[in-house]
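Biologist: I have a structure open and would like to learn how to read it. Where do we start?

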Amino acid sequence: MKLALWFGCALLALLWTGGAALTAALIQWAAQVLASGGAVDWAQAAARWPVPEWIALWVDPQVVRWAQEAVLWALGLMGSLSAGLPMAGQVVGWLVPLVWVLWGLGMVVLLGLALGVHVWLGRRTARGRA
């Protein structure tokens with residue numbers, strides 16, 4: 001039972017670490033895109049894509065058009081704030097260390113829980129033998 005506990009803990013630790021690494025990489029990428037000003041160009045292109053006909057099976061095409069119009073409206077707002085996008089890209093950069101601090105806290109919690117369950121299992125089996 002203890003072996004399964006630690007195997008599960010190791011698996012969760014790998015998933016937690018992979019998620020943190022992926023999040024940190026995405027934040028770095030987003031910071032670079034914001035700093036370069038390319039986010040507005042990409043969003044404008046995405047908002048102008050034609051609505052595929054197959055999407056009508058799941059979502060009303062009018063809802064998709066409204067969403068595209070909302071994105072274009074938001075981009076109009078961002079256009080007035082575009083001078084601040086490079087600064088926003090620099091500010092987002094501090095999130096990467098925060099991700100790793102949260103990763104460390106999560107690992108401490110995970111290992112603490114696993115250790116607590118390990119001790120509890122040891123006491124439970126010791127009582128069963130007595």
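Predicted model: local features only at pLDDT ≥ 70, side-chain atom pairs only at ≥ 80, totals over all residues.

Biologist: Is L57 buried or exposed?

Modeller: The general idea is a cut-off: over 50% relative accessible area means exposed. L57 has 69%, so L57 is exposed.

Biologist: Now the inside. What do nonpolar side chains tend to do in general?

Modeller: In soluble globular proteins, they tend to be buried together. Here is the case in this structure. The largest nonpolar core has seven residues: A20, A24, I27, A31, V92, V96 and V99.

Biologist: Which elements give two or more residues to this core?

Modeller: Helix 1 (2-36) and helix 5 do. Helix 1 supplies the largest share, four residues. There is also a second, separate core of five residues, with C9, A13, M107 and A114 among them.

Biologist: Let me pick I27. Is it buried or exposed?

Modeller: Buried means under 20% relative accessible area. I27, a residue of helix 1, has 15%, so I27 is buried.

Biologist: Which residues is I27 in contact with, leaving aside its neighbours within four places in sequence?

Modeller: I27 touches V92, L95, V96 and V99. Look from the other side too. With its neighbours within four places in sequence left aside, V96 is in contact with A24, I27 and Q28.

Biologist: How far apart are the C-alpha atoms of I27 and W94?

Modeller: They are separated by 9.4 Å, while the two residues are 67 residues apart along the chain.

Biologist: Next, aromatic rings. How many aromatic pairs does a search of the whole structure find?

Modeller: One. The rings belong to W100 and W103, and their centres are 5.7 Å apart. For the geometry, check the angle between the planes: over 60 degrees counts as edge-to-face. Here the planes are at 75 degrees, so the pair is edge-to-face.

Biologist: Where do W100 and W103 lie relative to each other in the helix?

Modeller: They are three residues apart in helix 5 (residues 95-129), so about one helical turn separates them.

Biologist: And how accessible are W100 and W103?

Modeller: W100 is partly exposed, at 34% relative accessible area. W103 is also partly exposed, at 26%.

Conventions
Residues numbered from 1 in each chain as written. Heavy atoms only, no water. Phe/Tyr/Trp six-rings, centres within 6.5 Å; stacked < 30°, edge-to-face > 60°. Buried < 20%, exposed > 50% of the residue type's maximum accessible area, 1.4 Å probe, protein only. Core = buried A, V, L, I, M, F, W, Y, C linked by side-chain atoms within 4.5 Å. Contact = heavy atoms within 4.5 Å.
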